[in-house]
Amino acid sequence: MQALKRTYLIDIGNSALKWAEATTPQNTGVITYGDMVMLAEQVRDFYRHQRPELIYACTVAHSVIASTVQQVCERTRIELLGSQREFNGAFHVVNHYDDYTKLGPDRWYAALGAVSKHPDENLLIVQMGTALTADSIICRGEGEYEYLGGRIAPGPTMMFKSLQQGTARLHVPSGTYQTFPQNSSDGISTGITDCVRGFISGGLEAMGNEAKPKLVITGGAAHYYEKAFRQYFPDYLIEDNLVITGLSLRIRSENEE
Ligand SMILES: Nc1ncnc2c1ncn2[C@@H]1O[C@H](COP(=O)(O)OP(=O)(O)O)[C@@H](O)[C@H]1O
Ligand SMILES: CC(C)(COP(=O)(O)O)[C@@H](O)C(=O)NCCC(=O)O
């Protein structure tokens, strides 16, 4: 698509920035945040190599991250995309959040990305990033969807860190999942896995037996939990880059108008 040449999509999360060229949203790069100097260095590297003319970004991180991107990519036009009241593109999604502007845009665009990959399905979209979110999409007819809302909890790393920070005796490395953990490391890893599993089950139960939602899991921690979850959610799918896919859907629909 000629109109999208030198156009980039960026998903600024609380732990990492994910980017892709708009013409190839499936090929993503990742910049994880160390300190601000390292971040600026990595963004400078991105800027030098990619030479973006236009960036569409969604952000849920501290404003200093987006400002760093803006400062480094000084000649690039950057458009920040928030959540929408509704998406009217290849399909139609109505957003039922109390205030649609308050819904994390990463959640909204991940939901759009998931709908595009699983048309005509009810979906529970779980993001295992810094935070843990489970968002519900109901299909009301061909191409017609409703975003019903979703749960939020600390992500696995945040759970782990909170135990380290809030207790005197849990400064231990992570362990492995055990039916009966017999040391602190295994106890924590097992407990966190069970929390995440329970969180996902809550989201599935809320949608009820009739909806039979397809479970789609994404985010930086998703792959690390596959073994632990497969026996409980046998048909679930791990999908990368849903946020970037959703951003791409929005800008394509607006470029076609
Ligand atoms: N080895 C790992 N085990 C568990 N979680 C991990 C691991 N590596 C990365 N992660 C998680 O992935 C998160 C980054 O995922 P990402 O989806 O990019 O988050 P965000 O969108 O919040 O920036 C980190 O906060 C971390 O919790
Ligand atoms: C829930 C989130 C913290 C998840 O962020 P992430 O873990 O992807 O970095 C983010 O989507 C956010 O800040 N949302 C705004 C509040 C809301 O969605 O209600």
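Here is a walk through this predicted model, from its domains to a ligand and then to some annotated residues. Residues are counted from 1 along each chain as its sequence is written, while chains are lettered from A and ligands numbered from 1 in the order in which they are written. Because the model is predicted, local features need pLDDT of at least 70 and side-chain atom pairs count only at pLDDT 80 or more, whereas totals for chains, interfaces and linings use all residues.

Let's start with the overall layout. The chain is split into domain 1 (2-80) and domain 2 (86-242), with bounds that come from an automatic or database domain assignment. Taken over C-alpha atoms, the centres of domain 1 and domain 2 are 25 Å apart. Where they meet, 10 residues of domain 1 are in contact with eight residues of domain 2. On the domain 1 side, that surface has four nonpolar, five polar and one charged residues. Contact here means C-beta atoms, placed from the backbone, within 7 Å of each other. As for the classes, Ala, Val, Leu, Ile, Met, Phe, Trp, Tyr, Cys and Pro are nonpolar, Asp, Glu, Lys and Arg are charged, and the others, Gly among them, are polar.

Now for the ligand. Why does ligand 2 lie between the domains? Domain 1 and domain 2 both give residues to its shell, so that is where it sits. There are 15 residues around ligand 2, and Asn14, Gly104, Gly129, Thr130 and Ala131 come nearest; a residue is near if its C-beta atom, placed from the backbone, lies within 6 Å. By class, the shell has four nonpolar, eight polar and three charged residues.

On to the annotation. An unreviewed UniProt entry places "binding site" at Tyr97, Gly104, Pro105, Asp106, Arg107 and Ser184. They spread over 88 residues of sequence and up to 39.4 Å between C-alpha atoms. UniProt positions use the numbering given here, feature names are shortened, and annotations may be inferred rather than shown by experiment.

Two of these sites are worth a look. Pro105 belongs to helix α3 (residues 105-117) and is buried because it has 23 C-beta neighbours inside 10 Å. Ser184 belongs to helix α5 (residues 184-211) and, with 16 such neighbours, counts as partly exposed. The cut-offs, using C-beta atoms placed from the backbone, are 20 or more others within 10 Å for buried, 12 or fewer for exposed, and partly exposed in between.

Conventions
Helix = DSSP H or I, 4+ residues; strand = E, 2+ residues; numbered from the N terminus. Contact = placed C-beta atoms within 7 Å.
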